Amino acid sequence: MNKDDEIDKEFEAQLKGKMGWKCSCSLDIIDKESSLKSVTCKKCGKTFKTNRNTEYCFKCEKK
């Protein structure tokens with residue numbers, strides 16, 4: 001093992017500690033539900049994802 005590998009592992013351990021993770025398995029999957037929802041524009045029919053309360057896509061909203 002060279003010095004770069006040691007530094008990377010040390011940095012990874014510090015990063016996990018700051019983020020509240022306890023082991024490397026915590027990095028794989030974080031169960032967090034997305035706040036995005038699929039919406040179909042009432043004007044043009046385009047389906048898009050947004051986290052805002054809107055019924056129109058960005059193009060139709062500007063018009």
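Glu 61 is partly exposed, with a relative accessible area of 39%. In this predicted model, the Glu 61 side chain forms a salt bridge with Arg 52, and the closest N and O atoms are 3.0 Å apart. Arg 52 is likewise classed as partly exposed, at 31% relative accessibility. Glu 61 is also one of the residues touched by Thr 54.

**Salt bridges**

The count of salt bridges comes to two. The other pair consists of Lys 42 and Glu 55, whose side chains meet at 3.2 Å, N to O. This pair links distant parts of the chain, since Lys 42 lies in the loop between β1 and β2 and Glu 55 in the loop between β2 and α2, 13 residues apart. Lys 42 is exposed, with a relative accessible area of 58%, whereas Glu 55 counts as partly exposed at 41%.

**Overall architecture**

The protein contains two helices and two strands, and along the sequence these follow the pattern α-β-β-α. Of its 63 residues, 13% are buried. Among contacts between residues at least 6 apart in sequence, 0% join residues at least 24 apart.

**The β hairpin**

Strand β1 covers residues 37-40 and strand β2 covers residues 47-50; the two pair in the antiparallel sense over four bridges. Six residues stand between the strands of this hairpin, and Gly 45 there takes a positive phi near 85°. Within the pairing, Ser 38 has Lys 49 of β2 as its bridge partner.

Lys 49 belongs to strand β2. Is Lys 49 buried or exposed? Its relative accessibility is 57%, and because the limit for exposed is over 50%, Lys 49 counts as exposed. Leaving aside residues up to four places away in sequence, Lys 49 touches Leu 36, Lys 37 and Ser 38. The C-alpha atoms of Lys 49 and Leu 36 are separated by 5.9 Å, although the two residues are 13 apart along the chain.

**The nonpolar core and its cysteines**

Which residues form the largest nonpolar core? Its five members are Val 39, Cys 41, Phe 48, Cys 57 and Cys 60.

Cys 57 is buried, at 5% relative accessibility. Beyond residues up to four places away in sequence, Cys 57 touches Cys 41, Cys 44 and Phe 48.

Cys 60 lies in helix α2, which spans residues 58-62. With a relative accessibility of 10%, Cys 60 also counts as buried. Its contacts, with residues up to four places away in sequence again left out, are Cys 41, Lys 43 and Cys 44. Cys 60 and Cys 41 are 19 residues apart along the chain, and 8.0 Å separates their C-alpha atoms.

Cys 60 is accordingly in no disulfide, its nearest cysteine sulfur being that of Cys 57, 3.6 Å away. A search of the whole structure finds zero disulfides.

**Thr 54 in the loop between β2 and α2**

Thr 54 is found in the loop between β2 and α2. At 13% relative accessibility, Thr 54 counts as buried, because the limit for that class is under 20%. A polar atom of the Thr 54 side chain lies 3.3 Å from the backbone nitrogen of Tyr 56. Not counting residues up to four places away in sequence, Thr 54 touches Val 39, Phe 48 and Glu 61.

**Accessibility of the residues discussed**

| Residue | Relative accessibility | Class |
|---|---|---|
| Cys 57 | 5% | buried |
| Cys 60 | 10% | buried |
| Thr 54 | 13% | buried |
| Arg 52 | 31% | partly exposed |
| Glu 61 | 39% | partly exposed |
| Glu 55 | 41% | partly exposed |
| Lys 49 | 57% | exposed |
| Lys 42 | 58% | exposed |

Definitions and conventions
Residues are numbered from 1 along each chain as its sequence is written. This is a predicted model: local features need pLDDT of at least 70, side-chain atom pairs count only at pLDDT 80 or more; totals for chains, interfaces and linings use all residues. Side-chain values use heavy atoms; hydrogens and water are left out. Two strands pair if DSSP finds at least two bridges between them. A nonpolar core is a set of buried Ala, Val, Leu, Ile, Met, Phe, Trp, Tyr and Cys residues joined through side-chain atoms within 4.5 Å. Buried means under 20% relative accessible area, exposed over 50%, partly exposed in between (1.4 Å probe, protein chains only). Contact means heavy atoms within 4.5 Å. A polar contact is a pair of N or O atoms within 3.5 Å; within protein, one must be able to donate a hydrogen and the other to accept it, and residues adjacent in sequence count only if both atoms are side-chain atoms. A salt bridge is a side-chain nitrogen of Lys or Arg within 4 Å of a carboxyl oxygen of Asp or Glu. A disulfide is a pair of cysteine sulfur atoms within 2.5 Å.
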